[in-house]
Amino acid sequence: MIKSAILITCPKGIPPYLKQEILSLGFPVLFETASSVETEGTLDDALRLNLFLRTGHRVLFLIREFEAESPDELYEQVFRIEWQDYFHKDSYLCVTSSVDHPTIKDSRFANLKCKDAIVDRFYKKFGQRPDSGPKRDGVVVHLYWRDIRCRIFLDTSGEPLSKRGYRKIPHEAPMQETLAAATILATGWEGNGSFVNPMCGSGTLAIEATMVGLQRAPGLLRTNYGFTHLKGFNKSLWEELRKEARSRAKKSIDGKIIATDINPKAIDAARKNAMTAGVDSLIEFQVCPFSETPVPEKGGVLILNPPYGARMGEVRELEETYKGIGDFFKKKCQGYRGYIFTGNFALAKKVGLRTQRKIPFYNGDIECRLLEYELYEGSRKGTP
Ligand SMILES: C[S@@+](CC[C@H](N)C(=O)[O-])C[C@H]1O[C@@H](n2cnc3c(N)ncnc32)[C@H](O)[C@@H]1O
């Protein structure tokens with residue numbers, strides 16, 4: 001089977017965690033950018049990556065590299081690819097792209113050129129063009145074009161891997177699943193000690209933590225991936241991999257997982273999402289203000305993703321909330337590593353505790369920090 005470059009995209013801030021995941025799955029890391037990590041492998045390897053990666057968004061399998069100076073040259077080169085070797089004429093095709101080229105004002109034009117070349121190739125060969133459109137639930141081809149360098153990939157994920165399939169009810173300002181997973185990996189929590197998540201919203205952090213604690217593959221809930229529509233799809237390997245993932249997963253976690261929110265609708269959404277993910281029996285849900293969250297003895301990780309005034313909540317009111325989080329940490333959370341994920345650094349200062357680490361992340365375009373507080377017995381006040 002042919003080995004090729006495999007580019008795995010992710011949001012900014014995530015490559016350090018994605019790299020670690022790729023290495024621990026036994027793949028090399030060839031290079032990384034601010035929002036991707038490149039490895040190599042076969043199309044079969046892409047199945048494993050799609051199933052097990054928690055922090056990657058799209059697993060892109062390189063099929064051709066060439067130079068193009070204009071949209072017409074792009075068309076010519078894409079037309080030359082033997083597309084019928086990769087998928088069937090009656091497939092549904094979507095073309096996506098990442099383009100930075102002086103001749104392209106709108107990347108949709110590059111997508112169109114690329115799509116035309118592919119369907120025209122099929123027409124020439126079979127007298128029939130595949131259907132095409134914006135949905136990513138069939139074959140997805142990705143074009144990367146910078147200066148004169150073009151790379152054509154099969155997007156083996158189709159829908160991004162952040163869409164795990166369990167979050168049917170998003171509630172307010174939900175974290176993307178991949179970002180939640182990366183923040184959990186950054187805390188180092190692996191099921192040891194409790195995982196406490198006040199202000200849980202739709203439950204993303206608690207659900208992702210449960211999957212990390214169980215060592216459950218995040219891709220098990222999904223059945224539709226880009227690779228399932230390709231000619232080279234090795235169905236029996238896929239079934240074997242899913243079986244391996246199921247048998248590797250633990251049934252229980254030593255520590256407790258607690259998720260609370262002041263809003264009953266949030267807890268309702270979180271519980272339903274956890275049910276869809278098949279982890280609801282492992283999470284204790286409760287409607288309460290964050291300060292009344294039960295905090296089990298023996299320590300662990302306690303993480304909050306409070307509103308930070310960008311998408312919800314007023315900054316002035318939130319100052320009191322952040323100050324209250326500092327008090328809650330001091331009074332009730334000794335023996336824990338406390339974390340706050342926020343995009344508002346001024347509000348973070350109101351917590352009034354010394355940060356151990358400030359880990360950079362991005363939530364969409366918003367620069368965020370995962371702030372770590374070591375909550376020893378009698379944590380002292382200090383500069384944040
Ligand atoms: C940014 S959202 C959390 C999103 C969550 N990480 C997710 O992925 O869905 C903040 C949450 O804090 C909750 N909240 C706000 N003030 C609170 C308080 N004083 N006590 C408890 N929860 C509160 C809101 O109801 C909201 O669900």
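Me: What makes a helix crossing left-handed or right-handed, and which applies where H5 passes H6?

Reply: A crossing is left-handed if the near helix is turned anticlockwise from the far one by less than a right angle, and right-handed if clockwise. Helices (H or I, at least four residues) and strands (E, at least two) are DSSP runs, numbered from the N terminus. In this predicted model, H5 passes H6 in a right-handed crossing. Local features here need pLDDT of at least 70, side-chain atom pairs count only at pLDDT 80 or more, and totals for chains, interfaces and linings use all residues. Residues are numbered from 1 along each chain as its sequence is written, and side-chain values use heavy atoms, with hydrogens and water left out.

Me: At what angle do H5 and H6 pack?

Reply: Axes are lines fitted to C-alpha atoms, for helices over the stretch in contact, and angles run from 0 to 180 degrees between N-to-C directions. Helix H5 (residues 177-187) and helix H6 (residues 204-213) pack at about 60°, their axes being 9 Å apart. Angles under 35 degrees count as roughly parallel, over 145 as roughly antiparallel, 65 to 115 as roughly perpendicular and the rest as oblique; H5 and H6 are therefore oblique to each other.

Me: Which residues of H5 and H6 meet?

Reply: Contact means heavy atoms within 4.5 Å. In H5, Glu 177, Ala 180, Ala 181, Thr 183 and Ile 184 meet Thr 204, Leu 205, Glu 208, Ala 209 and Val 212 in H6. An α-helix has 3.6 residues a turn, so residues three or four places apart point the same way.

Me: Is H6 buried or exposed?

Reply: Buried means under 20% relative accessible area, exposed over 50%, and partly exposed in between (1.4 Å probe, protein chains only). In H6, 10 of the 10 residues are buried, so the helix is largely enclosed by the rest of the structure. Its cover includes H5, strand E9 (194-197), strand E10 (257-261), helix H8 (264-277), strand E11 (283-287) and strand E12 (300-304). Just after H6, Gln 215 takes a positive phi of about 55°.

Me: How many disulfides does the structure hold?

Reply: A disulfide is a covalent bond between the sulfur atoms of two cysteines; here it is counted as a pair of cysteine sulfur atoms within 2.5 Å. The structure holds 0 disulfides. Cys 94 is in none, the nearest cysteine sulfur, that of Cys 114, being 11 Å away. At 4% relative accessibility, Cys 94 counts as buried. The sulfur of Cys 288 lies 9.2 Å from the closest cysteine sulfur, in Cys 200, too far for a bond. Cys 288 is buried, with a relative accessible area of 6%.
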